[in-house]
Amino acid sequence: MSILMNSKLFFLASIFILGALASQAMARSAPHEAAMRLRHEQWMARFGRVYRSSNEKEARYQIFKDNADIVDSFNAAGDKPYKLGTNQFADLTNEEFRATRNRFKGHMCSAQQGPFRYENVTAVPTTMDWRKKGAVTPIKDQGQCGSCWAFSAVGAMEGITQLSTGKLVSLSEQELVDCDTKGEDQGCSGGLMDDAFKFIIQNKGLTTESNYPYSAADGSCSASKEGNHAATIKGYEDVPANSESALLKAVASQPISVAIDAGDSSFQLYESGIFTGECGTELDHGVTAVGYGESGGMKYWLIKNSWGAQWGEEGYIRMQRDIPAKEGICGIAMQASYPTA
Ligand SMILES: *[C@@H]1O[C@H](CO)[C@@H](O)[C@H](O)[C@H]1NC(C)=O
C-alpha cells in the first residue's frame, strides 16, 4: 500500500515538474497566446465589455495582454504585501486610465494654516472603521468622468452628517458636477474637495443621491433639485499638511477627504492587500479615508474609492500608514480636509 502511494506520488510529482518545465518552455508561444485570448474573452464576459469592431478588440487585447503580464509577474514575485489583478481597467493603458479618472486638481497651494479642531486629541483608538459605525454609504462608481473630487467630498460629508444627526444619507455628487461650476471646480474635468465644501456652504446644503442621481457626465444645473437640501455643513478645515499623526487624529474623529497620487499602473490594477506603491506625490485623485488599522505587522489607512465595488477590496484599498516620508504613502498626508457640522 505504502509503496503504491509512494509511486503514485512520484508519478504525480513527475507530471507536475514536466508540466512546469513545459509551460516555461511554451511561455510566449502559441498555447500561451491561446490561453491569454481565452482569458481576455472571460474577462470581457465578467466585466460586460463589448467592443465595436474586431480592430478595436485586437488593440484592446494587446493592452490586456500587457497588463495581464504585469499582474502575473508581480504576483509571482510575491515580494509585496499586496496583489494585482486583471480588474475592470485591465484593457486600458496607464495613460488612458489616468486621463479619464484622476482629475483632482492638485496644484500646489501654499499650505494654509487654519484651525485644526483635532489638534489636542490624545486618545485615538488603535483601529477605526467608520463603516462599522454606520457612517459610510455603499461604494459608488464615478465612471469615465474626472469627478473624484466630488465623491471624496461627498464621502466626508456623508460621514459628518451621520455623526451629527445619526442618519446615514447618500448625497449627490451630480449636484456638485452640474452646479459647482463658478469657481475652480469643473465637473468631469476636475476639481478640489475644499472648493466643493465652499460651494455646499454657500448653497446652504446638498441634496440626496436619489433626488439628483449621478450620470457620469457634465450637465446643466437643476435649480429645483439644487434647492432641495438634505444635509448641510457649517464649514471645513484642512488637516495640517505632511503629518500622518495629525491625519490619524482627524480620521479617528470622522471620515476625511484625502488627495493621493493614484497614477501608477500598480494602483490601476490593485486587487487586495496593503498597498505600498510604487507611487509619487503628484496628487491626482481624491478619495475618502474611512479608517485605519494594522495587519501582519503593517499599519494601513482604510480608503474608500469611487471606482465601483469590483475594484480592489470590494471598492476599498488599504494603503501603508506611518512611512518615513512626511507626505505619507502617495502623498496622502499632503492635502487632507474635512467638513464641519
Ligand atoms: C489645544 O490646546 C492648546 C493649549 O491648551 C490651546 O491653546 C488650543 O486652543 C487647543 N486647541 C483646540 C483646537 O482646542
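Modeller: A residue is buried if 20 or more other C-beta atoms, placed from the backbone, lie within 10 Å of its own, exposed if 12 or fewer, and partly exposed in between. This is a predicted model: local features need pLDDT of at least 70, side-chain atom pairs count only at pLDDT 80 or more, and totals for chains, interfaces and linings use all residues. Residues are numbered from 1 along each chain as its sequence is written.

Colleague: Thanks! Why is Thr-288 called buried?

Modeller: Thr-288 has 28 other C-beta atoms within 10 Å, and the cut-off is 20 or more, so Thr-288 is buried. Thr-288 sits in strand 6, where a strand is a DSSP run of E with at least two residues, a helix one of H or I with at least four, and both are numbered from the N terminus.

Colleague: Which residues is Thr-288 in contact with, leaving aside neighbours within four places in sequence?

Modeller: Ser-152, Gly-155, Ala-156, Pro-255, Ile-256, Ser-257 and Lys-304. Being in contact asks that two C-beta atoms, placed from the backbone, lie within 7 Å.

Colleague: What makes Val-136 buried?

Modeller: Its count is 22 other C-beta atoms within 10 Å, so Val-136 is buried. Val-136 belongs to the loop between strand 2 (128-129) and helix 5. Among its contacts beyond four places in sequence are Trp-130, Gly-159, Pro-255 and Val-290. From Val-136 to Pro-255 the C-alpha distance is 8.2 Å, although they are 119 residues apart in sequence.

Colleague: How do you know that helix 5 has close to its expected length?

Modeller: Helix 5 (residues 148-165) has 18 residues, and from first C-alpha to last it reaches 25 Å, close to the 26 Å expected. The expected span is 1.5 Å times one less than the number of residues. Helix 5 is mostly covered, with 15 of its 18 residues buried, and Gly-166 follows with a positive phi, near 85 degrees.

Colleague: Why are helix 2 and helix 3 called roughly perpendicular?

Modeller: Helix 2 (residues 30-47) and helix 3 (residues 54-77) pack at about 100 degrees, with axes 10 Å apart. Those axes are lines fitted to C-alpha atoms over the stretch in contact, and angles run from 0 to 180 degrees between N-to-C directions. Under 35 degrees counts as roughly parallel, over 145 as roughly antiparallel, 65 to 115 as roughly perpendicular and the rest as oblique. The pair is therefore roughly perpendicular.

Colleague: Which residues meet there?

Modeller: From helix 2, Met-36, Arg-37, Arg-39, His-40 and Trp-43 meet Tyr-61, Phe-64, Lys-65 and Ala-68 of helix 3. By class, this contact has five nonpolar, one polar and three charged residues; Ala, Val, Leu, Ile, Met, Phe, Trp, Tyr, Cys and Pro count as nonpolar, Asp, Glu, Lys and Arg as charged, and the others, Gly among them, as polar.

Colleague: What makes Lys-204 stand out in its phi?

Modeller: Lys-204 is not a glycine, yet its phi is positive, about 65 degrees. Most residues other than glycine have a negative phi, and most peptide bonds are trans. Lys-204 lies in the loop between helix 7 (193-203) and helix 8 (223-226). With 10 C-beta neighbours inside 10 Å, Lys-204 counts as exposed. In helix 7, by contrast, Met-193, Asp-194, Ala-196, Phe-197, Phe-199 and Ile-200 are buried.

Colleague: How exposed is Asn-242?

Modeller: Partly exposed, with 17 other C-beta atoms within 10 Å. Asn-242, in the loop between strand 3 (235-238) and helix 9 (244-251), also has a positive phi, about 60 degrees, and is not a glycine.

Colleague: Where is there a cis peptide bond?

Modeller: Between Gly-277 and Glu-278, with omega about 15 degrees. Glu-278 is in the loop between strand 5 (270-275) and strand 6 (285-295).

Colleague: And which stretch has pLDDT below 50?

Modeller: The protein averages a pLDDT of 91, and 90% of the residues score at least 70; pLDDT is the predictor's confidence in each residue, from 0 to 100. Over residues 1-23 the pLDDT is below 50, and this stretch has zero contacts in the model beyond near neighbours in sequence. Where pLDDT is low, the predicted coordinates should not be read in detail.
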